[in-house]
Amino acid sequence: MNILIVNGSPTGKNSITLCTLRYIKKHFPDHNYKVLHVGQQIRKMENDKDFWMRPLKAADLVIFSYPVYTFLVPSQLHRFVELMKESGIDFSEKYATQVSTSLHFYDITAHNFIEENLNDMGFKIIRGLSADMEDLLHEKGQKEALGFFDNVLWNIKEGFSRDLPKTIKPGKLKKCNSLAEPLKLKAGASDKSKRIVIVADFSNSSDNRLENMCVRLKSRLPYETEIVDIGKFPFTGGCLGCFNCAADGKCIYKDGFDTFLREHIQSADATVYAYTIKDHSMGYRFKMFDDRQFCNGHRTVTMGKPVGYLVDGCLDAEENLRLLMEARAQVGGNPLSGIATNQYNPDKEIDKLAATLFYDVEKGYLPPKNFYGVGGMKIFRDLIWQMQGLMREDHKFYKKHKFYDFP
Ligand SMILES: Cc1cc2nc3c(=O)[nH]c(=O)nc-3n(C[C@H](O)[C@H](O)[C@H](O)COP(=O)(O)O)c2cc1C
């Protein structure tokens, strides 16, 4: 077979995940393997489509190899998925699977995301391998990697693939009325001492649908509310996974994002994320925004501050995305004030979100964490404890906030 490995790690040839594929290749030498370093060369992929379309067309099996980054895949791979979907290539006779390495912190949402997109593209999908980043160092992990690939080959020989639900076509979305009376505080005056930030990406919104939703929410809230368009932030690029920030929180890029994040966004009393659903996620720009927050390591710096979402799109069809929004709030220790969409009655949903945000900010309401939050924090606790020499800022933060709750 012609096997194409789509390497989504920004670390390119140094990728830990790619080592698993090299190991597999060594043990299954009877195939032609080719690697595309999309994580490191995404600019090249954008500008030279022939470079990747030719090997993609020739492939019998495509393997997505990537590190799990902030609940999903690196923004660079996310962008490549976008390019693949735009390419118009017929993938219906091709098989696809995935190999990830991570600490198993929300590897499920990453794998779901890849499968949902492969399903849209018509690939025949085989269940992937989610390995721990150190698995290949141990006999058990080596055996599992080879067992995985043997199983992939067996599925192909038998003509088996996963039966995933058909992609649901989104219904017609409603436009909201952007003019609304501001919510009144009890005393009847606005409280300008508090600040809410709406972080939005308008690049996928059509007919100003998302813009109107943001304007309505802003006018309902009795606080100083700012809309920040991340589509306009001059990002130099996506997170490189270089760990330069691990010791002191300083990003290797000089585009000012780390300062902007701390001074402008994390200082707000509540945050609302506004996006148009694209490829079963918030879009690759939001992914870049999320990955770049690695400069904060695993510090839940906005703990206790409410979050909300404005979603332009058919969220009913997006189980994984709904899980993701809840899980992020849970792990961050943020009350999830609500998610307003434009599927049915956007005006009513936005007004409800505004009222709930107001309630949560005023009361400081914070329910206890559920499995998503408790389980996620246990993984981080163990990770930071083990890597305290490298992740010094995280370690200080975890000690200060008594996160080391070992039995
Ligand atoms: C920006 C960033 C985000 C990460 N997010 C996660 C995560 O959400 N879950 C997880 O288990 N590991 C996460 N990791 C750890 C990587 O998945 C892990 O180190 C991986 O094995 C790196 O693989 P690579 O060398 O192939 O890039 C993250 C690492 C970085 C740099």
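**Ligand site and domain contact**

Let's start at the ligand: one of its oxygen atoms lies 2.8 Å from a backbone N or O atom of I16, which is a polar contact in the sense used here (a pair of N or O atoms within 3.5 Å; within protein, one must be able to donate a hydrogen and the other to accept it, and residues adjacent in sequence count only if both atoms are side-chain atoms). Keep in mind that this is a predicted model, where local features need pLDDT of at least 70 and side-chain atom pairs count only at pLDDT 80 or more, while totals for chains, interfaces and linings use all residues. Residues are numbered from 1 along each chain as its sequence is written, and side-chain values use heavy atoms, with hydrogens and water left out.

V68 also brings a polar backbone atom to 2.8 Å from a ligand oxygen, and for H104 the backbone distance to an oxygen of the ligand is 3.3 Å. In total, 21 residues surround the ligand, with S9, S15, T17, T101 and L103 the closest; a residue counts if one of its heavy atoms lies within 4 Å.

Now zoom out. The protein chain has domain 1 (2–158) and domain 2 (191–400), with bounds from an automatic or database domain assignment. Their C-alpha centres are 28 Å apart. To the contact (heavy atoms within 4.5 Å), domain 1 gives 26 residues and domain 2 gives 29.

About 2,400 Å² is buried between the two domains, 61% of it from carbon and sulfur atoms; that is the accessible area (1.4 Å probe) that two parts lose on being put together, summed over both.

What about polar links? Between domain 1 and domain 2 there are 14 residue pairs in polar contact, both residues at pLDDT 80 or more.
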